[in-house]
Each structure stands twice: as structure tokens, then as C-alpha cells.
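Welcome, and thanks for taking a look at this one.

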Amino acid sequence: MAVIYTCFCTDVIHEGHLNIIRQAKRYGEVVAGVLCDSEMIRYNRFPTVSFEERKQMVEKIEGISRVVVQNQIMYDTILEELQPEYVIHGDNWLNGPEKAIRSRLVKKLNEYGGRLIEVPYTYNETVRKIDTIYREKLAMPEYRRKRLKQLLEMVPIVKTMEAHSGLTGLLVEKTVVEHDGGLDQFDAMWISSLCDSTAKGKPDIELVDMTSRFRTIDDIMEVTTKPIIFDGDTGGLTQHFVYTVKSLERMGVSAVIIEDKTGLKKNSLFGTEVEQTQDSIENFCEKIAAGKRIQRTEDFMIIARIESLILDRGMEDALCRARAYVQAGADGIMIHSRKKTADEVLEFCDYFRKQDSNTPLVVVPTSFSSITEAELAAHGVNIVIYANQLTRSAFPAMEQTAQKILKHHRALEADADLMPIKDIITLIDEE
Ligand code: SPV
Ligand code: MG
């Protein structure tokens, strides 16, 4: 009997899936794959149930004779293993990022004479509603908050991109690329104090107050589902920080990163060019501990950011602080540097990993941007934050457009650089 293969990358079975199985049975024995979590989240939304539960859902569908695990987005390996005569899929992958999966599959099937069967994708009111409900579920605080911890278990490094508005949040939420035979998207969002302040035309000195920062979080949360890491600056006074922790946790933010500075905070990338004061280990530990005492769920993380390398205090000071902060309850350590190479950050990570194999490490490669995610992960880094690149790319583009219009006394010369309004509209959801 011929084998017909289909792959499930969903956490909810609806009539569209059942229709595919019904059609598939006409061709032979139906083998269903379940795409593993780490690959599913490279282009799809985050699953709301565990992989085991997703697999059990598929096993319960009538008409499927065998369920296997598909470990890669691309079908190459599974095709080699199963050599199915047919692969069946909905025709919804003719457009969008999944197109790349389809093209590669067709090529592979052609190599051995397999056939792709495509059935019209069921996208009626019910299916649309299910889709919306699941997306909305992911945005709820109890689902979003825990997702950073889930990601830390799931991926080699959590790729985090800066967002400072609903629109930049949407970009981080929706951008999917095809590269090197795979698909990829960002895992999480960073609400940078620098970019949040810059968007408001203000300096990054804790001038934008928490109410306003929370407003930014809210704008982003309203239109996205990905987990949020909040740049909490110094955390302010301990008596204030505990309120911040409570609010962030209630909103569904996954983590706050606070830096061990005190007094008038300036952006770290100024380094020692400006006066900046590092907090004492004792004070900062007390702040971390107070935050940990106040939080109510297991999901929320307080990450301690060490400024010793920024302030030229040396490796030993950074490592000593890391030990103390973890001892005080920090759920992660962020090590920052403004050097042009990643050497000192990697040195820190290597030393830190010798003394602590578990506590998540966070790195922000702004000045040492040539380092790759794989290199960081190889040195034990768990979260990489691209802290300001969206802001820095948007500003010169907007400035150039403003200059062109001023010079030419009309907008025509700028048109070629502009995104069609239609494309902006498709980025924004109607409901
Ligand atoms: C931010 O993005 O606001 C940060 C990272 O704190 S840095 O600007 O590098 O200090
Ligand atoms: Mg900051």
C-alpha cells in the first residue's frame, strides 16, 4: 500500500486538518508527522500545549495509521526515512514564508518520483475564530509571562529584538525569513530604555517615568504575543522597584533586567566618558532580593546586569558581583561591554560557566556586532538582545526622506524609498 505523509504543526485540530486526512486516505496509508516545538516556533506561533499533548491530539485522529516526530522544518530527512509516495498539505503554503518549505519539498519529491497533493485550505469562519482565540490566548499574561522560561528550555539561544511601539512590536512579531535552508523569526522583545526614551525625544537617564514606560509595554502587548524583557534601568529605589516588579508581573512581562548603577544613570555605551556610579554589591543584592520576595509567580525573572566591564572595574569585580547577585536570587546575569570585540564578554562567560552551569546569561552585542548567535551560545550565552538596531535604522531613513522633501519641495523624489501604504496596512491586523 502506498504511503501518504502529512505534517502537523499546530496545537489545535480543526475541520481543515480532518479534511486533509479524509482526502489522504484515498491515496494510501496515512503517516502523520508532528513538527517538534523548536522548529515549529521558527515560523509559526508558539504552541499553547506541550509537544506530548500535540502528539496525542494527532494520534487520536481517525484514519492515521502511524504518528512520527518531524525534527526539521524542511522535509528532507523525513522523506529519506519514509520515502512516501505522496505528501499531502493544504494549499495555504503557496504564499508567505512556508513557500520555501514547499519549494524544497517539491524538489526532493521530484528526485525520487514522489507526488505532492494539495487540497484547498479550509479557512471558514470557525477556523478563523479558532485562530484568533489561540492568538489571543498567547497574549494573555499567564501564557505570555512564562514563555521566556519555556524558550530557555527549548532553543539554544533566545533571539530578542528591540521594540518601542506597536508598529515595531508588530515587526518583531511577524518578521519571518528564509535563510540557509531554514526559516527563522525572533523569539522575544526587548523594551529598551534607550529606544523608548529616544522615541519620545528624551535622553536615556531614567527621565521617562514608569507610567510612560508601562504605556509603551501596553501598546506593544495589545498587538503582539511574544514574550517581553523589560529594561528596568537601575530599578530605582528598592522601595519603588518592588512596585515595578508587581506591575510588570501582573501585565505579563517575562523578565526585568536591572543594572547595578546608582544615582543619575547614563547610557552604558558612554562608558567612562560620563560620570556613572556603580552600586555597592550589598545594596544591589538587597534590591534583587526585595524584588524576588514580592513576585507571585514562578514565571517572572529578575535579571541582574553587571556594569563592571563598562566602567573598567575589571573581570574579577564582574565575576564577584555575578556570584553575589545569583546568591541574592537573580534569575539571570547580563554582562555588558562596549568593546569593539566580544573577547572580554566571552572571557566573562567562560569563567562564569565554570562556576555556574545553570543561571541564564544575557549579552547585548551592540559594539561587538560581528559575534554570531552560535558563537555566543557556544560560550554559554542563553539570551541575545539586539537592543537598538530598529531605532538606528529607522532614524536615518526618516531623516533622508525629510531632507529630500525639503530640497525638492515635493514628495516624488522620496517615493522610491517608501513602503507602499498597502504593505503597511497588511502588517496591521483588522481585528
Ligand atoms: C538599552 O537598550 O536601553 C540598554 C542597552 O540598556 S545599552 O543601550 O547598550 O546600554
Ligand atoms: Mg537601557
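Let's begin at strand β15 (residues 332–335), where Gly 332 and Met 334 point one way, Ile 333 and Ile 335 point the other way, and all are buried. Please keep in mind that this is a predicted model.

**Strand β15 and its partners**

- In a regular strand the side chains alternate between the two faces of the sheet.
- On one side of the pairing story is strand β14 (residues 301–306), which is joined to β15 by 4 bridges in the parallel sense.
- Within that pairing, Ile 303 has Gly 332 of β15 as its bridge partner.
- A right-handed β-α-β unit is made by β14, helix α14 (residues 315–327) and β15.
- β15 also runs parallel to β16, and 3 bridges join the two.
- Here Met 334 is partnered by Val 362 in β16.
- Another right-handed β-α-β unit is built from β15, helix α15 (residues 343–355) and β16.

**On to strand β17**

- Strand β16 (residues 361–363) is joined in turn to β17 by 2 bridges, and these strands run parallel.
- Val 362, which we met as the partner of Met 334, stands opposite Ile 383 in β17.
- To get from β16 to β17, the chain passes through helix α16 (residues 373–378), in a right-handed β-α-β crossover.
- Strand β6 (residues 158–162) is a parallel partner of β17 too, with 4 bridges between them.
- In that pairing, Thr 160 has Ile 385 of β17 as its bridge partner.
- Are the side chains of β17 (residues 383–386) buried or exposed? Ile 383 and Ile 385 on one side, and Val 384 and Tyr 386 on the other, are all buried, so both faces of the strand are covered, with each of these residues under 20% relative accessible area.

**Aromatic rings and charges**

- There are 8 aromatic pairs in the structure.
- Tyr 5, Tyr 75 and Trp 93 form a cluster linked by ring pairs.
- Over the ring of Phe 46 sits the charged end of Arg 147, 5.3 Å from the ring's centre.
- Likewise, the charged end of Lys 246 sits over the ring of Tyr 243, 5.3 Å from its centre.

**Cavities and a pocket**

- How many cavities of 30 Å³ or more does the structure hold? There are 2 of them.
- The largest cavity contains about 170 Å³ of space.
- Its lining consists of 20 residues, and Asp 231, Asn 267, Arg 305, His 336 and Ala 387 are the ones nearest its centre.
- The second largest pocket holds about 700 Å³ of space.
- Among the 21 residues that line this pocket, Leu 167, Leu 171, Ala 394, Ala 397 and Met 398 lie nearest its centre.
- Two or more lining residues come from each of α9 (166–174), α10 (193–199), α17 (389–408) and α19 (421–427).
- Which element gives the most to the lining of this pocket? That is α17, with 8 residues.

**A stop at Ser 103**

- You can find Ser 103 in helix α5 (residues 99–112).
- Ser 103 counts as partly exposed because its relative accessible area is 42%, which lies between the 20% and 50% cut-offs.
- Ser 103 and Ala 378 are 275 residues apart along the chain, and their C-alpha atoms are separated by 32 Å.

Conventions
Residues numbered from 1 in each chain as written. Chains lettered and ligands numbered in written order. Predicted model: local features only at pLDDT ≥ 70, side-chain atom pairs only at ≥ 80, totals over all residues. Heavy atoms only, no water. Buried < 20%, exposed > 50% of the residue type's maximum accessible area, 1.4 Å probe, protein only. Pairing = 2+ DSSP bridges. Right-handed = clockwise from strand over helix to strand, strands pointing away. Phe/Tyr/Trp six-rings, centres within 6.5 Å; stacked < 30°, edge-to-face > 60°. Lys NZ or Arg CZ within 6 Å of the ring centre and 35° of its normal. 1 Å grid on protein atoms, 1.4 Å probe; cavity = no way out; pocket = protein on both sides within 12 Å on 5 of 7 lines; lining within 4 Å. Points joined across faces, edges and corners; volume = space filled by probe spheres on them.
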